[in-house]
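Subject: Structure handover

Hello,

I am passing this structure on to you. Please look through it first; my notes on it follow below.

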Amino acid sequence: RVTLVATAPPLVVAWLAALESNRLDLSSLKVLTSGGARLVPELRRRVEDGFGCTFVESFGTGEGLICQTRLTDSKEERMNGSGRPLSPDDEIRIVDDQDRDLPDGERGELIVRGPYTIRGYYNAPAANQAGFTADGYYRMGDMVYRRDGTVYVDGHKKDLINRGGEKISTEEVENHILAHPAVHNAVVVAMPDPLMGEKACAFVIVKDGARFTFADLKAFLESRQIARFKWPERLELVEAYPLSPVGKILRRELREMIAARLAAERKTS
């Protein structure tokens with residue numbers, strides 16, 4: 001009669017898929033917490049609807065800061081936000097490219113210092129120069145905005161696709177693809193393009209027995225009125241994603257995979 005589960009997105013995706021094929025008694029479950037990587041809103045909604053519990057997002061870094069949504073947060077905050085710092089002594093700032101503070105609601109880089117955030121890496125001056133501000137704030141590399149004290153994660157600095165100057169949030173596109181009934185999981189990454197610099201490629205895992213084509217993807221995104229420049233321009237169907245030891249999807253390996261595939265195709269064409 002488990003009442004609280006703390007897990008990570010890969011297991012959440014697997015458990016949601018299991019709900020469709022098993023009659024499970026989950027009446028004891030009250031809270032499901034997910035961390036390690038941001039769980040997109042579409043999957044958070046499925047957790048609360050399918051498991052009949054309250055979803056809690058845990059966001060942070062091994063170097064320090066931890067934020068969590070609260071059980072008393074509004075539905076909008078639980079479905080979209082990443083919570084507030086655990087400690088009242090955590091100092092967080094959201095800054096632009098020149099480390100100037102941004103007002104609430106504006107997207108920028110998250111930097112932090114506090115009682116349990118590291119002050120520096122051991123014997124690594126180059127990493128410290130790149131990873132910390134002059135006044136000791138740690139650069140988390142996440143792009144966020146803040147509203148009413150709640151932090152909203154809006155991707156990693158490296159998870160934006162620059163398509164001819166237009167910036168595409170991979171997470172935004174993934175969230176739409178995940179709403180398709182045939183899709184088990186979706187990851188969008190940048191692929192090199194000689195004209196635009198980068199274009200979007202969607203790596204999709206489909207549900208057992210389901211059919212999902214590139215035409216299906218385009219038609220679905222059109223039905224959701226997504227700007228066409230954000231549409232993935234290639235679909236790769238895969239059975240699994242490369243994962244780190246803690247279960248994070250290795251997007252870098254997916255980017256390398258599609259870049260190598262495109263290079264091979266150019267050689268044979």
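In the hairpin of S10 and S11, which residue takes a positive phi? Gly-164 does, with phi near 60°, and the hairpin has two residues between its strands. Strands, like helices, are DSSP runs numbered from the N terminus (helices H or I, at least four residues; strands E, at least two).

This is a predicted model, in which local features need pLDDT of at least 70 and side-chain atom pairs count only at pLDDT 80 or more, while totals for chains, interfaces and linings use all residues. Residues are numbered from 1 along each chain as its sequence is written, and side-chain values use heavy atoms, with hydrogens and water left out.

Confidence is given as pLDDT, the predictor's own value for each residue, from 0 to 100. The protein has a mean pLDDT of 92, and 100% of its residues reach 70 or more. Strand S11 (residues 166-169) has the lowest confidence, at a mean of 84, and strand S14 (residues 235-237) the highest, at 98.

S11 pairs with strand S10 (residues 160-163) in the antiparallel sense over four bridges; two strands pair if DSSP finds at least two bridges between them. Within this pair, Asn-162 has Lys-167 in S11 as its bridge partner.

There is also an open sheet of four strands, in the order S6-S7-S8-S9, with antiparallel pairing. Its edge strands, S6 (91-95) and S9 (150-156), each pair on one side only. S6 is joined to S7 (residues 108-113) by five bridges, and Glu-91 stands opposite Arg-113 in S7.

Another open sheet has five strands in the order S1-S2-S3-S4-S5, and its pairing is mixed. S1 (4-7) and S5 (84-85) are at the edges with a single partner strand each, so one side of each has no neighbour in the sheet. S1 and S2 (residues 31-34) run parallel, joined by four bridges, and Thr-7 stands opposite Ser-34 in S2.

Now the helices. Helix H1 (residues 9-19) and helix H2 (residues 41-51) pack at an angle of about 45°, with their axes 11 Å apart; axes are lines fitted to C-alpha atoms, for helices over the stretch in contact, and angles run from 0 to 180 degrees between N-to-C directions. The contact (heavy atoms within 4.5 Å) includes Val-12 and Trp-15 of H1 and Leu-43 and Phe-51 of H2.

Regards
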